[in-house]
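Here are some notes to read alongside the model, written for someone meeting it for the first time. Please keep the structure open as you go through the points.

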Amino acid sequence: MIDPMTIGIAIQGVRLVVNAVKSAADEAREAVDAINECVNSGKKLGQSLSPVKKFFAAASKYESSRARLEDAKKKQDEAIASGQPVDDPISDAEYVMDMMAADRQIAQYYAQIKHVMIYHFDEAGMWEEFWERMNKVRQERAEKAEAARKAATEARLAIVAEKMRKKRAFAKTMNIVYNCVGGFVITLIIAGFAWFINWMFKQGAQ
(Lines give C-alpha, C1' and ligand atoms only; values in the text may rest on other atoms or scores of the structure.)
Protein backbone atom coordinates (compact mmCIF):
# COMPACT_ATOMS: atom_id res chain seq x y z
CA MET A 1 0.00 0.00 0.00
CA ILE A 2 1.24 3.48 -0.88
CA ASP A 3 1.29 5.81 2.13
CA PRO A 4 -1.14 8.79 2.32
CA MET A 5 1.67 11.36 2.25
CA THR A 6 2.97 9.91 -1.01
CA ILE A 7 -0.54 10.02 -2.47
CA GLY A 8 -0.92 13.64 -1.38
CA ILE A 9 2.34 14.69 -3.03
CA ALA A 10 1.45 12.83 -6.20
CA ILE A 11 -2.03 14.35 -6.38
CA GLN A 12 -0.57 17.79 -5.76
CA GLY A 13 1.29 17.26 -9.00
CA VAL A 14 4.83 17.00 -10.21
CA ARG A 15 4.23 20.04 -12.40
CA LEU A 16 4.38 22.30 -9.35
CA VAL A 17 7.90 21.12 -8.65
CA VAL A 18 8.77 21.41 -12.34
CA ASN A 19 7.61 25.02 -12.22
CA ALA A 20 9.82 25.60 -9.17
CA VAL A 21 12.81 24.25 -11.11
CA LYS A 22 12.02 26.48 -14.08
CA SER A 23 11.50 29.48 -11.79
CA ALA A 24 14.93 28.95 -10.23
CA ALA A 25 16.47 28.70 -13.72
CA ASP A 26 14.77 31.98 -14.66
CA GLU A 27 16.18 33.66 -11.55
CA ALA A 28 19.62 32.40 -12.51
CA ARG A 29 19.18 33.85 -16.01
CA GLU A 30 18.21 37.24 -14.57
CA ALA A 31 21.30 37.19 -12.35
CA VAL A 32 23.51 36.32 -15.33
CA ASP A 33 22.01 39.20 -17.31
CA ALA A 34 22.82 41.53 -14.42
CA ILE A 35 26.38 40.19 -14.27
CA ASN A 36 26.80 40.79 -17.99
CA GLU A 37 25.63 44.37 -17.48
CA CYS A 38 28.34 44.78 -14.85
CA VAL A 39 30.91 43.38 -17.28
CA ASN A 40 29.76 45.69 -20.09
CA SER A 41 30.04 48.69 -17.76
CA GLY A 42 33.60 47.72 -16.82
CA LYS A 43 32.87 46.76 -13.21
CA LYS A 44 35.08 44.29 -11.37
CA LEU A 45 34.05 41.49 -9.02
CA GLY A 46 33.87 43.69 -5.93
CA GLN A 47 31.31 45.90 -7.66
CA SER A 48 29.38 42.93 -9.03
CA LEU A 49 28.98 40.76 -5.94
CA SER A 50 25.23 41.35 -5.64
CA PRO A 51 24.22 39.68 -8.95
CA VAL A 52 26.93 37.03 -8.50
CA LYS A 53 25.46 36.08 -5.12
CA LYS A 54 21.98 36.11 -6.63
CA PHE A 55 23.12 33.71 -9.32
CA PHE A 56 24.54 31.19 -6.87
CA ALA A 57 21.46 31.55 -4.66
CA ALA A 58 19.27 30.78 -7.68
CA ALA A 59 21.55 27.91 -8.69
CA SER A 60 21.29 26.46 -5.18
CA LYS A 61 17.52 26.79 -5.30
CA TYR A 62 17.57 25.04 -8.67
CA GLU A 63 19.58 22.10 -7.35
CA SER A 64 17.28 21.78 -4.33
CA SER A 65 14.15 21.87 -6.50
CA ARG A 66 15.80 19.44 -8.91
CA ALA A 67 16.32 16.92 -6.11
CA ARG A 68 12.71 17.34 -4.92
CA LEU A 69 11.50 16.85 -8.47
CA GLU A 70 13.12 13.44 -8.77
CA ASP A 71 11.40 12.38 -5.56
CA ALA A 72 8.05 13.87 -6.65
CA LYS A 73 8.21 12.08 -10.02
CA LYS A 74 8.91 8.80 -8.26
CA LYS A 75 5.94 9.32 -5.93
CA GLN A 76 3.70 10.21 -8.88
CA ASP A 77 4.67 6.99 -10.67
CA GLU A 78 4.06 4.97 -7.48
CA ALA A 79 0.61 6.55 -7.07
CA ILE A 80 -0.33 5.82 -10.68
CA ALA A 81 0.94 2.25 -10.39
CA SER A 82 -1.22 1.73 -7.27
CA GLY A 83 -4.32 3.01 -9.07
CA GLN A 84 -4.55 6.32 -7.21
CA PRO A 85 -5.95 9.36 -9.07
CA VAL A 86 -3.24 11.89 -9.97
CA ASP A 87 -4.13 15.41 -11.05
CA ASP A 88 -2.52 16.33 -14.39
CA PRO A 89 0.39 13.85 -14.26
CA ILE A 90 3.54 14.60 -16.21
CA SER A 91 4.67 11.99 -18.72
CA ASP A 92 8.16 10.54 -18.83
CA ALA A 93 8.86 12.32 -22.11
CA GLU A 94 7.72 15.71 -20.75
CA TYR A 95 9.75 15.18 -17.58
CA VAL A 96 12.92 14.31 -19.48
CA MET A 97 12.55 17.16 -21.99
CA ASP A 98 11.83 19.81 -19.33
CA MET A 99 14.70 18.72 -17.13
CA MET A 100 17.12 18.32 -20.01
CA ALA A 101 16.39 21.89 -21.15
CA ALA A 102 16.72 23.28 -17.61
CA ASP A 103 19.92 21.34 -16.92
CA ARG A 104 21.52 22.59 -20.12
CA GLN A 105 20.43 26.13 -19.30
CA ILE A 106 22.03 26.03 -15.84
CA ALA A 107 25.20 24.42 -17.24
CA GLN A 108 25.43 27.23 -19.79
CA TYR A 109 25.05 29.84 -17.05
CA TYR A 110 27.82 28.25 -15.00
CA ALA A 111 30.07 28.31 -18.05
CA GLN A 112 29.31 31.99 -18.59
CA ILE A 113 30.02 32.83 -14.95
CA LYS A 114 33.31 30.93 -15.12
CA HIS A 115 34.31 32.84 -18.26
CA VAL A 116 33.43 36.18 -16.64
CA MET A 117 35.29 35.35 -13.43
CA ILE A 118 38.46 34.33 -15.28
CA TYR A 119 38.62 36.70 -18.23
CA HIS A 120 36.73 39.81 -17.09
CA PHE A 121 37.11 39.87 -13.32
CA ASP A 122 40.64 38.36 -13.51
CA GLU A 123 39.75 35.96 -10.70
CA ALA A 124 40.82 32.56 -12.05
CA GLY A 125 42.28 31.61 -8.68
CA MET A 126 39.10 32.61 -6.89
CA TRP A 127 36.98 30.48 -9.23
CA GLU A 128 39.10 27.40 -8.50
CA GLU A 129 39.11 28.12 -4.76
CA PHE A 130 35.35 28.67 -4.82
CA TRP A 131 34.70 25.27 -6.32
CA GLU A 132 37.13 23.57 -3.98
CA ARG A 133 35.25 25.00 -1.03
CA MET A 134 31.88 24.33 -2.65
CA ASN A 135 32.75 20.69 -3.27
CA LYS A 136 33.97 20.37 0.32
CA VAL A 137 30.70 21.80 1.65
CA ARG A 138 28.68 19.45 -0.56
CA GLN A 139 30.79 16.47 0.46
CA GLU A 140 30.36 17.28 4.15
CA ARG A 141 26.60 17.70 3.65
CA ALA A 142 26.40 14.39 1.79
CA GLU A 143 28.42 12.66 4.53
CA LYS A 144 26.13 14.08 7.22
CA ALA A 145 23.05 13.01 5.27
CA GLU A 146 24.51 9.52 4.84
CA ALA A 147 25.38 9.34 8.53
CA ALA A 148 21.84 10.43 9.45
CA ARG A 149 20.36 7.88 7.04
CA LYS A 150 22.61 5.16 8.46
CA ALA A 151 21.69 6.11 12.03
CA ALA A 152 17.98 6.06 11.17
CA THR A 153 18.37 2.66 9.52
CA GLU A 154 20.27 1.29 12.52
CA ALA A 155 17.58 2.66 14.85
CA ARG A 156 14.85 0.95 12.85
CA LEU A 157 16.84 -2.31 12.80
CA ALA A 158 17.37 -2.03 16.57
CA ILE A 159 13.62 -1.65 17.09
CA VAL A 160 12.94 -4.66 14.87
CA ALA A 161 15.64 -6.68 16.67
CA GLU A 162 14.16 -5.78 20.07
CA LYS A 163 10.70 -6.82 18.90
CA MET A 164 12.12 -10.11 17.63
CA ARG A 165 13.97 -10.65 20.94
CA LYS A 166 10.77 -10.08 22.91
CA LYS A 167 8.87 -12.34 20.55
CA ARG A 168 11.45 -15.12 20.96
CA ALA A 169 11.45 -14.66 24.75
CA PHE A 170 7.65 -14.84 24.81
CA ALA A 171 7.70 -17.93 22.60
CA LYS A 172 10.30 -19.55 24.88
CA THR A 173 8.21 -18.75 27.96
CA MET A 174 5.07 -20.11 26.36
CA ASN A 175 6.95 -23.25 25.31
CA ILE A 176 7.99 -23.80 28.92
CA VAL A 177 4.39 -23.22 30.04
CA TYR A 178 3.10 -25.66 27.42
CA ASN A 179 5.66 -28.27 28.48
CA CYS A 180 4.77 -27.82 32.16
CA VAL A 181 1.05 -28.01 31.46
CA GLY A 182 1.59 -30.96 29.16
CA GLY A 183 3.71 -32.75 31.77
CA PHE A 184 1.13 -32.04 34.46
CA VAL A 185 -1.69 -33.38 32.27
CA ILE A 186 0.30 -36.50 31.40
CA THR A 187 1.08 -37.02 35.08
CA LEU A 188 -2.63 -36.72 35.91
CA ILE A 189 -3.50 -39.19 33.16
CA ILE A 190 -0.91 -41.70 34.40
CA ALA A 191 -2.01 -41.23 37.99
CA GLY A 192 -5.64 -41.59 36.99
CA PHE A 193 -4.87 -44.71 34.98
CA ALA A 194 -2.92 -46.21 37.89
CA TRP A 195 -5.79 -45.41 40.25
CA PHE A 196 -8.25 -47.01 37.83
CA ILE A 197 -6.14 -50.19 37.54
CA ASN A 198 -5.78 -50.36 41.31
CA TRP A 199 -9.51 -49.87 41.69
CA MET A 200 -10.18 -52.65 39.16
CA PHE A 201 -7.93 -55.09 41.10
CA LYS A 202 -9.69 -54.22 44.33
CA GLN A 203 -13.07 -54.79 42.71
CA GLY A 204 -11.88 -58.18 41.37
CA ALA A 205 -10.55 -59.17 44.75
CA GLN A 206 -13.94 -58.53 46.32
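1. A residue is called buried under 20% relative accessible area, exposed over 50%, and partly exposed in between (1.4 Å probe, protein chains only). By that rule Ile189 is exposed, because its relative accessible area is 55%. You will find Ile189 in helix H5 (residues 124–205); helices here are DSSP runs of H or I with at least four residues, numbered from the N terminus.

2. Some ground rules for reading. This is a predicted model, in which local features need pLDDT of at least 70 and side-chain atom pairs count only at pLDDT 80 or more, while totals for chains, interfaces and linings use all residues. Residues are numbered from 1 along each chain as its sequence is written, and side-chain values use heavy atoms, with hydrogens and water left out.

3. What does Ile189 form together with Val177, Tyr178, Val181, Phe184, Val185 and Leu188? They make up a nonpolar patch on the surface, with about 680 Å² of accessible area together. Patch members have over 30% relative accessible area and no salt bridge; nonpolar side chains (Val, Leu, Ile, Met, Phe, Trp, Tyr) are joined within 5 Å, and like charges within 9 Å. The areas come from the Shrake-Rupley method with a 1.4 Å probe, and for residues only the protein chains shown count as cover.

4. The largest nonpolar core has 33 residues, of which Phe55, Leu69 and Ile113 touch the most other members. Helix H2 (14–40), H3, H4 and H5 each supply at least two residues of this core, and H2 gives the most, with 11 residues. Such a core is a set of buried Ala, Val, Leu, Ile, Met, Phe, Trp, Tyr and Cys residues joined through side-chain atoms within 4.5 Å. In soluble globular proteins, nonpolar side chains tend to be buried together.

5. Do look at Leu69 up close. Setting aside neighbours within four places in sequence, Leu69 is in contact (heavy atoms within 4.5 Å) with Val14, Val17, Val18, Val21, Tyr95 and Met99. Ser65, in helix H3, is buried, with a relative accessible area of 3%.

6. Helix H4 has 28 residues and reaches 40 Å from its first C-alpha to its last, close to the 40 Å expected at 1.5 Å a residue; the expected span is 1.5 Å times one less than the number of residues. Among the buried residues of H4 are Tyr95, Met99, Ile106 and Ile113.

7. The structure holds 10 salt bridges, each a side-chain nitrogen of Lys or Arg within 4 Å of a carboxyl oxygen of Asp or Glu. In one of them the side chains of Asp98 and Lys22 meet (3.7 Å, N to O). Asp98 lies in helix H4 and Lys22 in helix H2, so the pair ties together parts that are 76 residues apart in sequence. Asp98 is partly exposed at 22%, and Lys22 is partly exposed at 36%.

8. Glu146 and Arg149 also form a salt bridge, with their closest N and O atoms 2.5 Å apart. Being three residues apart in helix H5, Glu146 and Arg149 are separated by about one helical turn. An α-helix has 3.6 residues a turn, so residues three or four places apart point the same way. Elsewhere, Lys73, Asp77 and Asp92 are linked in a network of salt bridges.
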